[in-house]
Amino acid sequence: QGQGKKWIKKKEAHNHLVITNLGHKHFRTHLEDSLSLGYPMLIEDIDEELDPALDNVLEKNFLKSGSTLKVKVGDKEIDVLSGFRIYITTKLANPAYTPEISARTSIIDFTVTMKGLEEQLLGRVILTEKSELEAEKTKLIEDVTSNKLKMKELEDNLLYKLTSTQGSLVDDPTLIEVLNTTKVTAAEVNEKLVIAAETE
């Protein structure tokens with residue numbers, strides 16, 4: 001299903017992952033470069049046998065030369081830098097590896113079970129729902145801010161009308177209109193603020 005490969009590629013995306021396979025004409029060069037540069041290496045889609053060039057690497061037959069580690073690959077001695085890691089994947093559903101290979105490696109089964117699939121789907125649903133909730137929350141905050149500004153404008157407008165009206169307040173039609181608008185809008189804004197508080 002390729003999930004193991006996807007996970008490895010994502011995990012090592014920023015570490016110069018070298019991707020190759022046993023049939024690649026530059027396989028040995030890829031192996032030597034990964035070792036000497038300290039890059040992780042992914043060997044894809046192997047069968048049940050490995051290239052003998054990997055024997056010393058997998059057995060960790062490293063030679064110490066001063067503060068440097070070296071390993072023999074074929075007839076060459078290659079430096080081993082600390083960032084080097086090796087991943088090997090197969091498409092075989094139930095591979096029967098030799099006891100030697102099993103002893104040299106950690107074998108992880110990435111086959112998807114029904115429970116695993118359920119967990120993955122649940123994870124995707126939560127991510128989708130979460131992004132929708134985040135968007136809703138952002139819009140809510142914008143609405144609350146906008147409504148509070150509207151209330152402030154109405155209050156300022158009403159205050160200005162009250163202080164600038166000459167004569168009887170009840171005889172000023174524009175003031176009565178501002179009062180009515182403020183009352184209606186204030187009720188609407190308060191209702192929206194209550195809904196916003198409940199939603200949050």
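Modeller: Two strands are taken to pair if DSSP finds at least two bridges between them. The model is a predicted one. In it, strand S1 and strand S2, which spans residues 40-46, are joined by three bridges and run in the parallel sense. One of the contacts along this pair can be located by residue: Val18 has Met41 in S2 as its bridge partner.

The pair belongs to an open sheet of three strands, ordered S1-S2-S6, in which the pairing is parallel. Strand S1 (18-20) and strand S6 (85-90) are the edge strands, each pairing on one side only. From one strand to the next, the twist averages 15 degrees. In general terms, the strands of a sheet pair through backbone hydrogen bonds, in either a parallel or an antiparallel manner.

Two helices accompany this sheet. Helix H1, made of residues 3-11, lies across S1, S2 and S6, and its direction is at about 165 degrees to S2. Helix H2, residues 27-37, packs on the sheet as well, where it touches S1 and S2. The direction of H2 makes about 150 degrees with that of S2.

For the antiparallel sense, one may turn to strand S3 (residues 62-65) and strand S4 (residues 68-73), which are joined by four bridges. Within this pair, Lys64 stands opposite Leu69 in S4. S3 and S4 form a hairpin with two residues between them, and Gly66, in the turn, has a positive phi of about 70 degrees.

Technical notes. Residues are numbered from 1 along each chain as its sequence is written. This is a predicted model: local features need pLDDT of at least 70, side-chain atom pairs count only at pLDDT 80 or more; totals for chains, interfaces and linings use all residues. Side-chain values use heavy atoms; hydrogens and water are left out. Axes are lines fitted to C-alpha atoms, for helices over the stretch in contact, and angles run from 0 to 180 degrees between N-to-C directions. Contact means heavy atoms within 4.5 Å.
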